Amino acid sequence: MMVALLLLPALVMFAVSFLHTPQARRLLPVSSVAILIPVGMLFVHAKPWKLWGEYLVADDLNSYVLLVSSLVGIGVTLALLTLDRHVAITEAAIRRFYRFFALFWIGLILSILANHMGIYWIGLEMATLSTVYMIKTNRSAAAHKEAWNYMIVGAIAISLVLFGIILIYASAKPILGEEAMLFHALLAKARAIPSPFLFEMGFALATVGMFVKMGFFPMNLWLANIERASFYPVAALFSGILESAVIVGFFRFSTVARAVNEAHLVGFVVAYTLLTIFIVAFLIYRAKDFMRLFSLSGIEHMALIALFWVGGGTFAALLHLGAHAFLKPALFLSTGVLESSGRYHIAGALKGYRGVRGKLFYFLVSLFLLAIVSLPPSPMFFSELYGFGAMVDAAESSQHLLAMIGATLLLLILLSVIFYRFVAIYQSMKYEGEAAERPVYAAEVAALAIFAVGLLALITPATMHFLRSIA
């Protein structure tokens with residue numbers, strides 16, 4: 001019953017997208033808001049809650065991610081109301097976007113709630129295929145090319161995840177039988193897995209697949225090029241919902257891997273994320289437009305989340321995940337206004353806003369730009385503070401304290417490069433160039449306001465306590 005309630009808003013959105021009446025477009029955001037009702041019900045029920053046997057299980061972690069993703073979905077549907085005022089798009093293309101957005105939602109709900117590795121994979125594959133058609137709502141040649149690129153690289157990534165799942169299943173099948181596909185069963189018997197090497201090989205392949213899907217090394221520019229060619233709501237969905245679902249899978253797999261061999265887990269993930277952030281820091285420094293800048297910044301933050309999670313800062317990872325899920329879609333949606341007078345004009349992009357809506361937009365975008373580089377009181381400031389502290393604390397009890405301190409210092413240097421670039425861009429947007437009047441619509445300001453309220457909610461004592469209970 002609960003699964004049906006969670007999927008119902010997406011199914012309604014899918015059905016309404018076939019209607020050709022003008023009122024249908026206004027009904028679509030309502031269906032997105034409706035998902036908050038069943039998601040809210042997840043928080044009042046005792047956990048773990050078996051929604052569909054052992055296959056779909058709600059716990060505090062996936063309830064939190066679903067709530068954040070639902071708020072992001074509401075913000076994106078509000079911004080979609082004014083999409084045709086910023087870009088050339090037909091009414092039929094907007095309906096098609098909603099149609100595949102609904103399928104995207106169904107896939108991600110299944111992935112986020114999955115306690116079964118196979119269902120997790122099926123949900124991600126469904127989201128991948130539906131995203132291809134959302135990219136193609138932009139009828140340009142570049143978007144069509146990048147849609148094919150997304151399908152090819154996405155297929156490679158999801159195939160790596162599938163192969164990894166097969167190896168993990170094979171490593172635990174002698175003691176768990178068919179239950180070797182369940183995350184909870186794997187965690188309970190992790191130390192008794194008869195083939196830990198086979199498990200670690202499977203984990204490494206699945207992790208590389210998930211990391212590639214989020215734009216990690218060696219596919220750092222893949223995601224940025226796709227988001228540049230797509231309409232900005234697609235990039236917002238990528239960063240705020242899809243990447244959150246992928247990282248939840250990484251959390252599940254890595255929790256089991258920690259019980260199998262923590263030293264191997266930490267070494268592998270720290271090396272991989274450090275390499276990714278090293279490359280991305282200099283790509284950010286060279287970024288010349290908003291979409292690529294925000295996309296590359298998203299890769300940096302997802303790498304930090306993975307690093308904090310395996311480094312002992314699980315609370316920091318969850319806080320950073322929520323902040324990223326609100327901040328990055330907000331910045332992507334703001335590009336509809338920022339680039340309305342010139343696609344690649346960074347200089348003067350924060351000039352020319354008049355009226356209450358314009359000034360509120362200017363204030364919120366400035367807030368998000370400074371929050372994304374972790375200036376206090378941004379949630380990212382606290383998550384990085386807790387995260388780096390937890391990494392050093394965890395290393396003190398091991399034989400790798402000096403290596404962890406060195407890795408932390410390298411990270412701080414790379415983050416300083418990114419900080420400098422973002423501050424320089426903010427100054428250019430505010431002080432350079434000529435003022436050009438840009439229209440700002442109420443739906444866009446409402447979407448950004450939802451994200452701002454979400455950010456403030458993250459640093460309240462109640463939310464902090466809840467995230468610590470998950471950690």
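Ala, Val, Leu, Ile, Met, Phe, Trp, Tyr, Cys and Pro count here as nonpolar, Asp, Glu, Lys and Arg as charged, and the others, Gly among them, as polar. The structure above is a predicted model.

**Exercise 1**

Task: State which residues line the largest cavity, and sort the lining by class.

Solution:
1. The space in the largest cavity is about 40 Å³.
2. Its lining consists of Pro9, Ala10, Met13, Ser31, Ser32, Ile35 and Trp105.
3. Under the class rule, Pro, Ala, Met, Ile and Trp are nonpolar. The lining of the largest cavity therefore has five nonpolar and two polar residues, and no charged ones.

**Exercise 2**

Task: Find which elements give two or more residues to the lining of the largest cavity, and how many cavities of 30 Å³ or more there are.

Solution:
1. Two or more lining residues of the largest cavity come from each of helix 1 (2-16) and helix 2 (22-34).
2. Helix 1 gives the largest share, three residues.
3. The count of cavities of 30 Å³ or more is four.

**Exercise 3**

Task: Describe the largest pocket by its volume, its lining and the elements that contribute to the lining.

Solution:
1. The largest pocket holds about 390 Å³ of space.
2. It is lined by 17 residues, of which Leu61, Leu187, Arg252, Thr255 and Trp309 are the closest to its centre.
3. Helix 4 (60-80), helix 8 (183-188) and helix 11 (232-286) are the elements that give two or more residues to this lining. The largest share, five residues, belongs to helix 11.
4. Sorted by class, the lining of the largest pocket has nine nonpolar, three polar and five charged residues.

Key
Residues numbered from 1 in each chain as written. Predicted model: local features only at pLDDT ≥ 70, side-chain atom pairs only at ≥ 80, totals over all residues. Heavy atoms only, no water. 1 Å grid on protein atoms, 1.4 Å probe; cavity = no way out; pocket = protein on both sides within 12 Å on 5 of 7 lines; lining within 4 Å. Points joined across faces, edges and corners; volume = space filled by probe spheres on them. Helix = DSSP H or I, 4+ residues; strand = E, 2+ residues; numbered from the N terminus.
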